[in-house]
2 protein chains.
Amino acid sequence: MMKQFHEDTNARISAPSGEAAVIGTRKVYVAGSRPDIRVPMKEVVQRLGDAETCEDGLLKIHLYDTSGPFTDPGASVDIRTGLSAMRGGWIVERGDSEILQAPSSEYARQRLERHRQENYHFPSLRVPRRATQGGNVTQMHYARLGIVTPEMEFIAIRENQRRETLPDLLKKQHPGDARGASIPGIITPEFVRDEVAAGRAVIPCNINHPESEPMIIGRNFLVKINANIGNSALSSSIDEEVEKMIWAIRWGGDTVMDLSTGQNIHETREWIIRNSPVPIGTVPIYQALEKVGGKAEDLSWEMFRDTLIEQAEQGVDYFTIHAGVRRNLLEAAQRRLTGIVSRGGSIMARWCQAHGCESFLYTHFEEICEIAKAYDVTFSLGDGLRPGSIFDANDEAQIAELKTLGELTQMAWRHDVQVMIEGPGHVPLHLIQENMELQLKYCHGAPFYTLGPLVTDIAPGYDHITSAIGGAMMAWCGTAMLCYVTPKEHLGLPDKNDVREGIVAHKIAAHAADLAKGHPGAQARDNALSKARYEFRWQDQFALGLDPERAMGIRRALLPDDAESKE
Amino acid sequence: MMKQFHEDTNARISAPSGEAAVIGTRKVYVAGSRPDIRVPMKEVVQRLGDAETCEDGLLKIHLYDTSGPFTDPGASVDIRTGLSAMRGGWIVERGDSEILQAPSSEYARQRLERHRQENYHFPSLRVPRRATQGGNVTQMHYARLGIVTPEMEFIAIRENQRRETLPDLLKKQHPGDARGASIPGIITPEFVRDEVAAGRAVIPCNINHPESEPMIIGRNFLVKINANIGNSALSSSIDEEVEKMIWAIRWGGDTVMDLSTGQNIHETREWIIRNSPVPIGTVPIYQALEKVGGKAEDLSWEMFRDTLIEQAEQGVDYFTIHAGVRRNLLEAAQRRLTGIVSRGGSIMARWCQAHGCESFLYTHFEEICEIAKAYDVTFSLGDGLRPGSIFDANDEAQIAELKTLGELTQMAWRHDVQVMIEGPGHVPLHLIQENMELQLKYCHGAPFYTLGPLVTDIAPGYDHITSAIGGAMMAWCGTAMLCYVTPKEHLGLPDKNDVREGIVAHKIAAHAADLAKGHPGAQARDNALSKARYEFRWQDQFALGLDPERAMGIRRALLPDDAESKE
């Protein structure tokens with residue numbers, strides 16, 4: 001299997017047959033204030049029969065694009081060397097970090113020595129980088145110093161989607177009900193800076209992941225979505241995971257979490273990060289658990305610390321840390337119908353019980369901040385006590401943990417470490433608003449990053465839909481990023497088709513929320529698509545949809561053979 | 001094709017291979033106050049390891065069941081003779097209707113004479129029945145006289161789902177946010193009567209459809225969903241439509257609309273109604289248009305009237321009547337981005353424009369009421385001016401039509417004719433509440449029956465999801481029935497798989513709304529499923545899900561061959 005990897009995967013991915021540009025769109029780059037700021041967008045060009053919307057009869061619409069160079073027919077990508085380090089120069093010119101001679105993590109050094117000759121090893125390793133002694137390289141740190149980084153400018157251009165170029169008809173939209181969000185008409189680099197400085201938004205961009213295209217997560221920006229991938233010992237290999245990442249961003253994944261388990265987590269992650277234009281998140285405790293053979297009680301701060309550094313030096317952009325699972329909350333969790341369902345939460349609960357003491361994630365949180373700020377790893381404070389059922393929604397354990405996450409947020413902010421807060425899970429529709437309000441109250445406006453929530457438990461096999469319903473509502477109320485759920489939720493690991501279904505379902509939820517909040521320009525895509533639909537311009541309609549290939553495929557299958565040319 | 005029908009379809013449907021009972025459930029009948037009230041439910045029996053939830057370790061959960069005798073292995077169904085006339089005795093004993101010697105509709109008599117020998121003719125025609133001269137056979141009429149009909153008692157038992165038998169743990173649920181609904185702890189037959197008398201709920205049950213199992217549509221009852229079927233000249237035949245109806249109710253369709261077009265609409269409808277345990281709705285103007293060769297300007301009140309009578313005597317339970325598309329509203333509709341997208345609305349708009357006068361549906365509405373009350377056909381007042389895009393949502397044309405529908409509601413109520421109001425369409429999330437409030441205000445509390453609404457236009461191929469998001473929100477706000485949308489919306493006609501996807505997506509939305517409203521007992525199914533999930537009782541989890549076969553199929557595909565027996 002691994003032998004095949006080098007020979008096949010490369011060829012398959014660097015020349016993806018018929019999978020380069022998404023149908024009806026082409027990749028363009030919008031220039032910033034300096035030549036190395038080039039913001040990718042998907043451009044849809046439509047020839048209109050009337051002069052109503054644009055002077056020359058050509059309408060150009062620019063769509064947010066997460067898909068990276070893989071959809072640029074002009075870019076050549078070799079996954080064995082990885083993507084080019086677009087942010088490399090920006091990181092170097094700040095002069096506040098240094099190249100390391102070797103990984104600081106003992107485990108990383110071991111893997112390097114022992115497995116360098118194995119063919120699952122990434123062939124073009126980058127040397128790791130770290131803040132100079134006592135330094136702080138987080139975007140929040142810069143923002144608080146009043147600095148607008150190239151990352152922030154990149155993001156401002158990206159979020160605007162060139163909406164200033166749209167004809168008036170398409171710009172028309174319903175006044176939103178922002179529910180506390182304050183979204184300006186045009187996003188400026190300074191606005192990005194201010195939101196990051198205030199902690200209301202995060203830019204996950206580890207200095208060891210210079211390949212990433214900067215993006216922002218905050219309630220005053222477009223709602224984002226995350227896709228989870230990750231092999232398990234049984235079900236998939238490294239090449240499949242790289243493929244899944246590329247697939248996930250093709251359909252609109254804004255970030256990807258690598259939840260791999262099994263033997264080669266370290267190397268899988270390297271392949272993924274080196275080829276990923278989107279931020280990569282992980283749950284470091286998963287890998288730590290693998291290192292102690294799955295026995296939670298054998299975990300220790302020292303080896304967890306080494307794991308954090310190992311991953312930070314590979315370039316992980318955000319860490320899920322379940323530091324809110326405190327010993328005194330476990331009793332409340334035991335009174336539940338469905339106990340603790342978060343994997344990270346269960347691991348830490350077991351450790352606390354076995355050792356009869358407070359979680360080392362909590363007691364060492366300050367040291368974790370020190371690590372994060374040396375690489376700019378964003379925290380995603382995990383909700384280890386999230387409810388696993390409608391029954392347990394918004395219960396005592398969950399809310400108590402949320403308060404703890406609020407305390408930890410303030411601790412991280414004292415280090416200028418960026419923070420987002422993970423949220424449930426399973427919540428009935430009418431308790432979503434309350435959940436969001438509690439998060440804002442206890443966590444001081446840090447961005448909320450929620451799994452769904454699922455609004456009912458009765459639809460195994462369709463939980464991407466139960467989650468999209470809750471996600472739309474939650475994002476309208478203020479959640480900044482939705483973690484996708486696939487049709488396989490509760491049943492097994494998703495395959496490629498599930499990834500696509502899950503992503504599109506949550507892109508719908510995210511966009512529905514943008515519309516509801518009245519995000520400036522959000523309705524332009526709906527307007528353009530509806531106009532194309534009303535005028536029977538089928539190809540134009542497809543190009544503006546979230547999944548042009550699916551829509552076109554359905555349409556073609558329904559038509560008699562000779563009708564296609566007329567469309 | 002038609003030749004095959006008699007030979008094959010019957011065999012296929014009366015002995016559906018492996019498709020009888022839904023996995024993990026069995027059909028039971030709950031007795032009412034008289035032996036001929038037997039309310040079907042799906043019973044799920046689970047053997048629990050603990051004594052916590054029930055005395056003998058057996059937990060029985062009863063689920064609402066729309067699937068009819070087709071999922072009862074003990075029932076023999078022959079689609080050539082149709083279902084047994086469960087309500088036949090109730091209708092006769094009221095003594096207010098009479099059997100007709102021949103259909104009153106000229107068109108129906110012609111079809112009977114000319115095509116009796118054709119093999120697409122339903123072989124076991126029922127004789128039609130009509131109220132005795134000057135009579136009124138509507139459930140609203142009885143309700144207003146203070147009569148509790150067997151239909152009302154049947155519904156009360158059905159809506160309660162035997163929740164009084166549940167153990168306390170499963171009965172626990174979050175207090176809801178009813179948003180104006182008033183749902184009692186136990187639904188009594190008298191409550192059903194009062195809601196129907198007030199016009200807040202409808203029981204679509206034409207006296208010529210005695211095969212139907214009574215159900216109710218109202219905001220103080222469980223949220224219902226409708227599935228559309230219907231052949232077009234090209235794409236399907238009668239047997240496929242009967243199969244689709246049986247398929248739709250298997251997955252939870254509470255009513256089915258037959259939107260057939262083409263040559264044999266009359267006969268297709270006969271086959272469907274004779275085999276349908278759920279109310280059947282139609283849009284009579286579609287058939288009227290076929291009768292005049294598709295030329296809207298050739299429509300006339302006389303032939304439309306004949307069509308209404310033709311369909312009423314076949315047993316159609318509710319008519320969509322686009323009587324709100326008035327001449328003076330057309331100008332506002334022309335200012336839209338996407339004009340008039342309702343087919344019925346477009347037909348009537350064309351007629352009004354061609355004749356330069358007011359819609360005959362509006363001017364003859366009083367006579368339409370006279371027809372409806374002679375058979376108990378419920379009105380579904382069509383929103384011919386519903387928005388076809390987010391852009392046009394809640395616009396002047398839509399709201400003006402809604403006011404007209406409110407006037408017509410009061411006119412119908414003066415005849416004791418049951419009314420529901422059709423709603424949009426395309427509405428962004430934050431305008432749904434407003435839409436619902438306007439409907440309640442202008443339409444005096446008549447039940448709202450909405451298509452979705454779709455909360456964005458940008459997801460062709462996934463509109464069942466955009467619709468489920470809007471539908472959940474709308475039903476929480478008070479919509480009584482959701483019309484499903486399938487993945488093929490805007491692209492083509494749904495096949496069987498699309499029907500299933502569309503139904504389950506909207507069952508999720510409906511149930512999410514029941515939970516949010518705090519419908520008593522609604523959470524029991526979630527609780528039972530979550531408990532099974534937490535205890536790794538896979539089969540029990542599947543049985544309680546909306547689609548046990550899908551969930552089980554996914555799980556089995558993921559397991560190694562030998563693992564299955566352990567589950």
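This is a predicted model: local features need pLDDT of at least 70, side-chain atom pairs count only at pLDDT 80 or more; totals for chains, interfaces and linings use all residues.
**Entry 1: A:Arg193**

Setting aside neighbours within four places in sequence, I found A:Arg193 in contact with A:Ala143, A:Gly146, A:Ile147, A:Val148 and A:Met152. I then checked where A:Arg193 sits, and the answer is helix H7 of chain A, which covers residues 189-197. Is A:Arg193 buried or exposed? Its relative accessibility is 19%, so I noted it as buried, the cut-off being under 20%. I also looked for a polar partner: the side chain of A:Arg193 makes a polar contact with the side chain of A:Asp194, at 3.1 Å.

**Entry 2: H9 and H11 in chain A**

Next I turned to a helix pair. I kept in mind that two packed helices are described by the angle between their axes and the distance between the axes. In chain A, the axes of helix H9 (residues 265-274) and helix H11 (residues 301-314) come within 10 Å and cross at roughly 30°. I therefore wrote down H9(A) as roughly parallel to H11(A), since angles under 35 degrees count that way. The crossing of H9(A) and H11(A) is right-handed. Which residues make the contact? From H9(A) I listed A:His266, A:Arg269, A:Glu270, A:Ile273 and A:Arg274, and from H11(A) I listed A:Glu310, A:Gln311 and A:Gln314. Sorted by class, this contact has 1 nonpolar, 3 polar and 4 charged residues.

**Entry 3: B:Gln314**

I moved to chain B and picked B:Gln314, found in its helix H11 (residues 301-314). With 4% relative accessibility, B:Gln314 counts as buried. What lies 2.9 Å from a polar atom of the side chain of B:Gln314? I found the backbone oxygen of B:His266 there. Beyond four places in sequence, B:Gln314 is in contact with B:Asn208, B:His266, B:Arg269, B:Glu270, B:Ile273 and B:Arg274.

**Entry 4: H15 and H16 in chain B**

Another helix pair came next. Helix H15 (residues 365-375) and helix H16 (residues 396-414) of chain B have axes that come within 9 Å and cross at roughly 45°. I noted that H15(B) and H16(B) are therefore oblique to each other. H15(B) passes H16(B) in a right-handed crossing. On the H15(B) side I saw B:Phe365, B:Glu366 and B:Cys369, which meet B:Leu408, B:Met411 and B:Ala412 in H16(B). The class tally for this contact is 5 nonpolar, no polar and 1 charged residues.

**Entry 5: B:Ile340**

Where is B:Ile340? I located it in the loop between helix H12 (330-334) and helix H13 (343-355) of chain B. Leaving out residues up to four places away in sequence, B:Ile340 touches B:Leu330, B:Ala333, B:Gly345, B:Ser346, B:Ala349, B:Gly384 and B:Leu385, as well as A:Tyr534 from chain A.

**Entry 6: B:Ala201**

My last stop was B:Ala201, in strand E6 (residues 201-202) of chain B. I recorded B:Ala201 as buried because its relative accessibility is 2%. Apart from neighbours within four places in sequence, B:Ala201 has contacts that include B:Glu195, B:Val196, B:Ile216, B:Ile217, B:Gly218 and B:Phe221. B:Gln418 and B:Pro447 are also among the contacts of B:Ala201. Finally, I looked up B:Asp463, which is 262 residues from B:Ala201 in sequence and 28 Å away in space, C-alpha to C-alpha.

Key: Residues are numbered from 1 along each chain as its sequence is written. Chains are lettered from A and ligands numbered from 1 in the order in which they are written. Side-chain values use heavy atoms; hydrogens and water are left out. Helices (H or I, at least four residues) and strands (E, at least two) are DSSP runs, numbered from the N terminus. Buried means under 20% relative accessible area, exposed over 50%, partly exposed in between (1.4 Å probe, protein chains only). A polar contact is a pair of N or O atoms within 3.5 Å; within protein, one must be able to donate a hydrogen and the other to accept it, and residues adjacent in sequence count only if both atoms are side-chain atoms. Contact means heavy atoms within 4.5 Å. Axes are lines fitted to C-alpha atoms, for helices over the stretch in contact, and angles run from 0 to 180 degrees between N-to-C directions. Angles under 35 degrees count as roughly parallel, over 145 as roughly antiparallel, 65 to 115 as roughly perpendicular and the rest as oblique. A crossing is left-handed if the near helix is turned anticlockwise from the far one by less than a right angle, and right-handed if clockwise. Ala, Val, Leu, Ile, Met, Phe, Trp, Tyr, Cys and Pro count as nonpolar, Asp, Glu, Lys and Arg as charged, and the others, Gly among them, as polar.
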